[in-house]
Amino acid sequence: MKTYATYGFYIALAGLAVSLLLFVTGMHSDPARVTAAGWIAMGSHWAFGIAFIALAVRARRDAADPAGEFSYGEALWAGSATALWTALFDLGTVPLYLGLINPGFTDVLAEAQRTAMEAKGIPAERIEQMERMQHLFMNPVAGALTAALGAAVGGTLVALVVAALLRRPAAAPRA
């Protein structure tokens with residue numbers, strides 16, 4: 001359990017570090033750059049997730065009996081449990097970022113989305129309706145729940161692949 005929590009914490013911490021870096025560089029303060037920041041954040045979150053889930057599964061495999069099997073199911077559980085811990089930690093780190101560190105980020109996102117909708121020629125009345133709906137979901141609690149769900153689902157998808165690569169069949173009996 002400690003292995004899963006440790007690597008889950010590392011994933012959440014890496015996500016927070018990326019957000020802080022994007023904030024410090026101004027990418028989370030400029031509506032014109034927030035889309036690029038989103039791509040950077042998504043790519044880095046996937047990279048950190050894959051790396052740390054693989055490290056967690058490998059750590060559990062290394063801790064298991066070296067002569068015994070480390071099944072696909074055991075490897076999948078190790079990766080999925082790490083993803084679940086990441087989701088739990090995201091429930092703390094995301095509101096910290098959105099509520100305390102960068103409370104104006106949701107306004108930057110809304111402005112970027114408004115600009116994109118205007119560029120597509122969407123009527124102003126429709127944009128206003130969509131903005132009212134967006135503001136219901138653009139807050140630290142909704143952001144945390146979305147991030148936690150993404151971490152749990154995305155991490156489990158990563159674990160499906162990592163488990164196939166890092167499982168260990170039982171050693172063949174020696175004759």
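Me: In this predicted model, is Thr86 buried or exposed?
Reply: Thr86 belongs to helix 3. A residue counts as buried when its relative accessible area is under 20%. The relative accessible area of Thr86 is 4%, so this residue is buried.

Me: Which residues is Thr86 in contact with, leaving aside its neighbours within four places in sequence?
Reply: Contact requires heavy atoms within 4.5 Å. With neighbours within four places in sequence set aside, the partners of Thr86 are Gly8, Ile11, Ala12 and Ala151.

Me: How many Å apart in space are Thr156 and Leu84, C-alpha to C-alpha?
Reply: Beyond its neighbours within four places in sequence, Thr156 is in contact with Leu76, Ser80, Ala83 and Ala151. Leu84 is 72 residues from Thr156 in sequence. In space, the C-alpha atoms of Thr156 and Leu84 are separated by 8.4 Å.

Me: Which residues touch the most other members of the largest nonpolar core?
Reply: The largest nonpolar core has 15 residues. Helix 1 (2–24), helix 2 (34–63), helix 3 (72–101) and helix 6 (140–166) each contribute at least two residues to this core. One of its members, Ala75, touches Val57, Phe70 and Ala163 when residues up to four places away in sequence are not counted. The members that touch the most others are Ile53, Val57, Ala75 and Val162.

Me: What is the radius of gyration of the chain?
Reply: The chain has six helices and zero strands. Along the principal axes, its C-alpha atoms fill a box of roughly 80 × 30 × 25 Å. A compact globule of 175 residues would have a radius of gyration near 16 Å, whereas the value for the chain is 20 Å.

Me: What percentage of the contacts with a separation of 6 or more joins residues 24 or more positions apart?
Reply: Read along the sequence, the pattern of the chain is α-α-α-α-α-α. Thr156 and Leu84, 72 residues apart in sequence, illustrate a separation beyond that limit. Among contacts in the chain with a separation of 6 or more, the share from residues 24 or more positions apart is 80%.

Terms used. Residues are numbered from 1 along each chain as its sequence is written. This is a predicted model: local features need pLDDT of at least 70, side-chain atom pairs count only at pLDDT 80 or more; totals for chains, interfaces and linings use all residues. Side-chain values use heavy atoms; hydrogens and water are left out. Helices (H or I, at least four residues) and strands (E, at least two) are DSSP runs, numbered from the N terminus. The radius of gyration is taken over C-alpha atoms; the globule rule is 2.2 Å times the number of residues to the power 0.38. A nonpolar core is a set of buried Ala, Val, Leu, Ile, Met, Phe, Trp, Tyr and Cys residues joined through side-chain atoms within 4.5 Å. Buried means under 20% relative accessible area, exposed over 50%, partly exposed in between (1.4 Å probe, protein chains only).
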